[in-house]
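Welcome! Take a moment to look over the sequence and the 3D view, and then we will walk through some parts together.

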Amino acid sequence: MDPMSRFSVVPSGDESPEGPARPVQLEQLLHRAATGDETAFADLYDAVSSRLFGLVRRVVRDPAQSEEVTQEVFLEIWRHSARFDPSKGAAMSWMLTIAHRKAVDRVRSAEAARNRDEGYGASNQDVTHDSTAEAVVERLDAERVHRALETLTPVQRQALELAYLSGYTHTEVATMLDLPLGTAKTRIRDGLIRLRDTLGVTL
Amino acid sequence: MSEDIHALSGAYAVDALDEIERARFERHLAGCPVCQAEVQSLVAAANELSVLTEVGPPASLRAKVLAEIATVRPLPPLAAPQEQPADEGVTSTPPATAPAPTPSLPAPAAAEPRVERGDELADRRRSRSARGFARGWRLVVAAATVAVLAIGGFTVWRQVEKDPQQAIADQVLAAPDAMRFGKRLQDGSTATVVRSTSLQKAVLITSGMSQPPSGKVFQLWLEDATGHMASAGLMPAGGDQVVVLAGDATHSKAAGVTVEPPGGSDQPTSAPVALIPFA
């Protein structure tokens, strides 16, 4: 056994939402992927695909398109793995950001938007119970986020959900929630700040 | 225009800006460390929400992804300080491309690469402007300078000095008579042209656009009423761009993008990969 291995099991005292060992491991996998290591990338896929696909699926809605977008996301991650900069945030967040942007870009294109709009009313409410996460750790993460969301005002929460989870622009959110134009972006920002502070997000 | 552009940080962090606001905010972000830090933390917070939506993808996706990446080489790291295109005629350097991994790195990484890219663009433009500083163009610069001065302080002014193209783009995007024309491209990305006839200029905004084939460049065109295409410059490397189209766009009826040999062509030599009509 590698004498160093006992040091790499659990980084001490890490209370990160992603679970103790994961952030470091993801960075290492990305780092190896950057050298063209396909095995490392396969491990990375296994570690994050449900987070990325789930987010894309939530925003895009259409299963076939969600799959397509997720595939593009992974290609993007692979291509840019050498450019991930750990000083700018966690690896998971970097990958989620790529996934979110791509999902949003897709859903804003006209045809996709049409498909999605039909399903909007029905699925608007499912934000809080569609986690199929099985691991206990993940359930705890979800609970933690739910609790944090409860500290937001209803308008902040709705604005944030419509923007982040449904991919609407702040202008659209303002219309949907009957807010004066300038205020949706403020609600989103205030909600995010509260979420950040409640979750104790650190970089 | 921007009563308080800082207030867009939250909407930016959750991708809730339209592409024009996004472009404007990113310009601001590049020079605002306060917003950079805030955006970074808000992005991290927003991404926590994804624990609520976790769903495993279909098993078949894994094989598709792994088969696809096996055929693509990861990009080299960005040279830390700067990588200027050594020789501006040959713009085909694929690595210098795609500085912002994805437009994605909204907050975290986008800011810095974007700055580099701006400079690169500025360099290229500077040399172009040397050969023909069209009158309308100069007027636009003047207008931009005055407007920015009136609003902001010294820092902003210096930016104007440094890169008139950015100032022009900002002016066009914020112009009261700005009209936008969007198009989804074949590669699934989006391109938007914003034109202000009072400023006589048009700006192309791309988001996630694929790169030209190896050894080629994208050239920009403005099409006049007779169908004639006049070169509007070369597209800087990278799939997320805010580019001022060279030339007077007042009477143009469309903007086009074609694949051309390095250095560009006098006339398009291939069918446009994008043609965005101003109507």
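## Chain A from end to end

Along its sequence, chain A reads α-α-α-α-α-α-α-α-α-α. That makes 10 helices and 0 strands, where helices (H or I, at least four residues) and strands (E, at least two) are DSSP runs numbered from the N terminus. This is a predicted model, in which local features need pLDDT of at least 70 and side-chain atom pairs count only at pLDDT 80 or more, while totals for chains, interfaces and linings use all residues. Residues are numbered from 1 along each chain as its sequence is written, with chains lettered from A and ligands numbered from 1 in the order in which they are written.

Of the 203 residues in chain A, 48% are buried. A residue is buried if 20 or more other C-beta atoms, placed from the backbone, lie within 10 Å of its own.

## A closer look at helix α8

Helix α8 of chain A covers residues 154-165. From first C-alpha to last, the 12 residues reach 15 Å, close to the 16 Å expected at 1.5 Å a residue (1.5 Å times one less than the number of residues).

Why is α8(A) described as largely enclosed by the rest of the structure? Because 9 of its 12 residues are buried. Among them are Gln156(A), Leu160(A) and Tyr164(A). Just after α8(A) comes Gly167(A), with a positive phi of about 75°.

## A loop in chain B

Ala246(B) sits in the loop between β6 (241-244) and β7 (254-260) of chain B. It counts as buried because it has 22 C-beta neighbours inside 10 Å. Ala246(B) and Ala202(B) are 44 residues apart in sequence, and their C-alpha atoms are 8.2 Å apart in space.
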